Amino acid sequence: MFYRENGQFKTSYRADQQIFPIAQDRIALALLLAVAFLVVPMLASDYFYRAILIPLVIMSMAALGVNILVGYCGQISLGSGAFMAVGAYGAFNFFVRFPGMPLIPALILGGLCATFFGILFGLPSLRVKGLYLAVATLAAQFFSDWMFLRIKWFTNNSDSGSVSVNNLQVLGMSIDSAVSKYLFCLTLLVIVALLAKNLVRGAIGREWMAIRDMDVAAAVIGIRPMYAKLSAFAVSSFIIGMAGALWAFVHLSAWEPAAFSVEISFRLLFMVIIGGMGSIMGAFFGATFIVVLPIFLNQFLPALAGLFGFEISTAAVSHAELMIFGALIVWFLIVEPHGLAKLWSIGKQKLRLWPFPH
Amino acid sequence: MKLSKIVIAATVVVAGAASLSTSALAQAKEQFFPLLSYRTGPYAPNGTPWANGKQDYLKMINARDGGINGVKLTFEECETGYATDRGVECYERLKSKPGVALFDPQATGITFALTEKAPVDKIPLMTLGYGLSVAQDGMAFKWNFPLMGSYWTGADILIQHIGKGLGGMDKLKGKKIALVYHDSPFGKEPIPLLQERSKMHGFELQMLPVTAPGVEQKATWLQVRQSRPDYVLLWGWGVMNSTALKEAQATGFPREKMYGVWWAGAEPDVRDVGEGAKGYHALALNGSGTQPKVIQDILKNVHDKGQGTGPKDEVGSVLYTRGVIIQMLGVEGVRRAQERFGKGKVMTGEQVRWGLENLALDQKKLDAMGFNGVMRPLSTSCADHMGSTWARVQTWDGKKWDIGADWYQADEQILKPMVKAGSEKYMSDKKLTRRDTADCQS
C-alpha cells in the first residue's frame, strides 16, 4: 500500500538513471541518513560509539570493498586483512614521515598503497580462479603478516612492532571525541558507498558482473578480463585499505600487525557471504551481523541466565557465544544462501504486493 | 523465506539494541574492579588461574575485612580471548561503571591500545610483569604501571644469571644465545635490552621468532639444531611454552640450557611435558604454594565457604598467586589513595593513580598482609612506576618448581638510559611534554 511505485513515471533519461528510482527508497534513505547523522549523536552513549558504532561503520566500509571483489567480480579473496594492513601501515608511514601531513590525504595515500598491493596480488587472478585464487590471495595475507612484523622500516623502527598515532585533525577540527570519530567515519562511509553504488551500476560494474557470471562469455563479447579483474582488485583494495587505515587510526589508535591477521580476512569474507554477495546493502547487513552479534550475545546471555536465577561464568558465555554464532551462520546459509540482503529484497517484494498478494 | 521469519529476525535485532543500552544502576560506596580476562582461546590454560586469583583476592578482602575501610569491592569480568579489539570493547564497556579503580589489561597487545585511551579517561593501567618496558618512566607515562618488572628487567636478570653460572659476566664473550620468542610485541619487547647486553659482553644473539600462537615450531628448532646456541631464552606464553619444551626434547637440546621468562614458568607450561622438561629454568616473579598466609586466608574465607573461583587445588599455583599479587597491589593502591583523599570513600581513577604512585610496601607490611616469601618489598614513586625489579630463577625438577635462593635485581645502569631514551622518543613522537614535579602531587 505504501510501498508501490504506481504513478511514478520517468520522463527523462536523467530520472530513469537515478541511483534510487523509487520515491519511497529516496525518502527512506534520507530518513536513515538523518537518523545516522543527527539522531544517533543525540542518543548514543560513549560505549555505544566506541564499542559498536565506530567498528560497525569501519567494518561496513571494509565489507563493501570485499563485496566489490568477491560479490561483484567473483574473485574470491582471503587477503582482505592484508589490504587493510597495507592501508593502515601505508597511511601511518605517510602520516609520521611527512611533518604536517593532514589526515585525509594520509588515509587516501594509504588506500593507494593498498591499491598497488591489491593489483600486485590480483595478478594471479588472470590465470587461476575460484578456490585456487583464494589460496593465492591467502599468500598476500601471510606476506603482509611477515612484512610488517619483520621489516622495521614500515613500523618506523619501533622495537616491538607496535605503532600508534595521535592528534588526529581534519581541517583544524580535532578527531578525539567519540562523536567526532563516528561522524568522520560515517561521512567517509557514505561517500564511499555512493561512489561504489555508482561504479557497480555503471559500465565497469557490468563488466565485473559479466566476468563473475561467465568469464569466457564476457571475453567473447569484448570485455577484457585483465582490465576488469585488475580494476576490481584496485577499487576493492583501495576501499579496504581506507577502511584499514580508519580501523587503525580512529578505532584502535595503537596497533600491531596481529590486528590485521588472517582472522580478519575470514571475518570480512563471512560478512560478504552472510550479508549477501553482490549487493551494496549486503555489506552493511553482514558487517552488522558479524560485529554486533557476538557483543550482543556476550551481554545478553548473562542477562538471560540471570532472568532464570543462575549465573554463568565468562568462559561459558564465551563458548556459548561461539556456538550460537556458528549455528546462526549455518542456519542463515541454509535458509537463505543469498544472504541477508536477499531477505531484504524479498521483504520489499512482499511489500509491493501487500495487502493483495497473488 | 516467510515474512514471519523476517519479523523474528527483526525482533532479535531490536531486543539486542535494547539490552545493550541498559545502563548500570548507580551504586554507592562500592569500588569497582573491572577484570579483563581470557578463559578461552589458545592462552586459556594460563589465563584462567591468573583470572581466578584476581577474583578470589577481591572476594577474600570483602569476606575478611569487609572491603577497604568499609568500602565494598565489586568486580565484573569481561572475556577478551587475548584479542585486542575485544579487549578494547571490554574496556569501553566497563570504564564508565561507577567507582572504577584501575584496569589490568592482561595482554600486551591490549595494553598498547589502552595506553592511548587511559590518559583521556584518566584511569590507571596496571601491567604487572608485562606491557611497555619504557612505561617505567612515570614522568612520561603518567597512567601506566608496569609494577614489579618489565620484559627488560626480566631479560637483564636472565643474562645476569647465565653470566653468574658461567663464573662471571666476562665469560659470556663468544657465547651464542638464541631468543625463541612469540612473534608479537610481547615477544619482541626484550630484544633492545638483549642487544645492549650483547654489545656489552660480546655474546652473539640469535633471534628465532615463532608465529602466534606458537604451536608450529618445527622450523625454529631446526634452526636451533643447526646453529647450536649455548643457551636458549624462551619468550613464550600459553601453548607455545609446552610446545617449545617438547620440541627441545625432540631436538635433543638440553633443557638445562633453556631459560624462560616468568610467563613461561608456571605449571601449565611444564605439566604436560613432565619429566621431559626436567632441568628447564624460568624466571620466578613471585613465590607459589599454599603456605603463605594470604593463600590460607583465601582458602579459609572464600574456598571453604564454597565461593571460590575455579578449582580449589589450583589455589596457590604460580599464576594464581600472581593474580593475587596483582589484585593486592590494586587494592593497596586504593587503600593508599584513601589515606590521602579520605578513608571510607570511593576513589576515582585519578586518586587511585596517586595511590599506585605512592605505594610503600616494606617487609613488615608484606608480612602483615601474609605475603611473606611471595614477593619482595615494593615502593613506587612519581618517576618510578615499577617499584621493584627483583626476581628469582626457578628450575623444574619434573614434578614441581624449585625456586632458587638468589634474588636478582636488574641493572639500573643499563636500564635507566634505555628507559629514558625510549620515553623521550615516545614523547617526541607524540609531541607530549614531560610531567613536572608539581604534577606529582596531584
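Predicted model: local features only at pLDDT ≥ 70, side-chain atom pairs only at ≥ 80, totals over all residues.
Local features need pLDDT of at least 70 and side-chain atom pairs count only at pLDDT 80 or more, whereas totals for chains, interfaces and linings use all residues. Residues are numbered from 1 along each chain as its sequence is written, chains are lettered from A and ligands numbered from 1 in the order in which they are written, and side-chain values use heavy atoms, with hydrogens and water left out.

The contact (heavy atoms within 4.5 Å) takes 41 residues from chain A and 37 residues from chain B. The two chains bury about 3,600 Å² between them, 59% of it on carbon and sulfur atoms; buried area is the accessible area (1.4 Å probe) that two parts lose on being put together, summed over both. Five salt bridges are counted between chain A and chain B, a salt bridge being a side-chain nitrogen of Lys or Arg within 4 Å of a carboxyl oxygen of Asp or Glu. D85(B) and R267(A) meet through their side chains in a salt bridge, at 3.2 Å from N to O. By class, the side of chain A that touches chain B has 17 nonpolar, 15 polar and nine charged residues. Here Ala, Val, Leu, Ile, Met, Phe, Trp, Tyr, Cys and Pro count as nonpolar, Asp, Glu, Lys and Arg as charged, and the others, Gly among them, as polar.

Over all chains, 37 aromatic pairs are counted. Rings of Phe, Tyr and Trp (its six-membered ring) pair if their centres lie within 6.5 Å; planes under 30 degrees apart count as stacked, over 60 as edge-to-face and the rest as tilted. The ring centres of F121(A) and F143(A) are 5.9 Å apart and the planes stand at 40 degrees, so this pair is tilted. F121(A) is buried at 16% relative accessible area, while F143(A) is partly exposed at 34% (buried is under 20%, exposed over 50%, partly exposed in between; 1.4 Å probe, protein chains only). F289(A) and F325(A) form a stacked pair, 6.0 Å centre to centre with 25 degrees between the planes, and both residues are buried.

Most residues other than glycine have a negative phi. N167(A), not a glycine, has a positive phi of about 55 degrees and is partly exposed, with a relative accessible area of 49%. Q106(B), also not a glycine, has a positive phi of about 65 degrees; Q106(B) is buried, at 2% relative accessible area.
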